[in-house]
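Hi everyone, thanks for making the time. Let me put the sequence and the structure up, and then we can walk through them together.

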Amino acid sequence: MTNIIKFDPKIIWPSILEKIANGQSLASALRSPGMPSYALAKRHLRDDPMLRKEYDQAIEDRAALLAEELIELADTPVPEGLDPASRSAWVQQLRLRLDTRKWIASRVYRQVYGDKVDVSMASVQLDLSVAMEAAQRRIEEGLKRTIDLRA
């Protein structure tokens, strides 16, 4: 007989959501002892709309946190005494951290950190009646030529 562990969403999810809001991924939060599998957690999210809403809010909170970390990372001084190769590697690692946070913030927290695209256009009134009349004349002329050719 196997032991089936039941995970009560009301008990486990507050901790998971807090970890996510504080910067962890769902997968990382679930690696803690006593947590459900990733598949079970995703099932909980699919089956419970209120939990899904709380999860989405935690994701948005994480994006805001990551965006704020951008300022700290950008102001991080280069460590003293690095040889040129180590300095280059350090800068590349910092750039990766910055770019990852920017990407996540711009995709998840789009209304604040996303690219603004203006697709507005002025109202233009079109009168298609002239074009429709010209098309109708071409059709009638074509039919007349067809009839004349047959005659």
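Among contacts in the protein between residues at least 6 apart in sequence, what percentage join residues at least 24 apart? The answer is 59%, where contact means heavy atoms within 4.5 Å.

A quick word on what we are looking at. This is a predicted model, in which local features need pLDDT of at least 70 and side-chain atom pairs count only at pLDDT 80 or more, while totals for chains, interfaces and linings use all residues. Residues are numbered from 1 along each chain as its sequence is written, and side-chain values use heavy atoms, with hydrogens and water left out.

Now the overall layout. The protein has seven helices and zero strands; these are DSSP runs numbered from the N terminus, with helices being H or I of at least four residues and strands being E of at least two. Of the 151 residues, 22% count as buried, meaning under 20% relative accessible area with a 1.4 Å probe and protein chains only, against over 50% for exposed and in between for partly exposed.

Let's go inside. The largest nonpolar core has 17 residues. By nonpolar core I mean a set of buried Ala, Val, Leu, Ile, Met, Phe, Trp, Tyr and Cys residues joined through side-chain atoms within 4.5 Å. Trp-13, Ile-16, Ile-20, Leu-26 and Tyr-55 have the most contacts inside this core. Two or more residues each come from helices H1 (9-21), H2 (26-30), H3 (38-47) and H4 (49-74), and H1 gives the most, with five. Take Ile-16: leaving aside neighbours within four places in sequence, Ile-16 touches Leu-26, Ala-29, Leu-30, Met-35 and Pro-36.

Last stop, a helix pair. The axes of H4 and helix H5 (residues 84-108) come within 8 Å and cross at roughly 145°; axes are lines fitted to C-alpha atoms, for helices over the stretch in contact, and angles run from 0 to 180 degrees between N-to-C directions. On the H4 side the contact includes Ile-59, Ala-63 and Leu-66, and on the H5 side Leu-94, Arg-97 and Leu-98 are among the partners.
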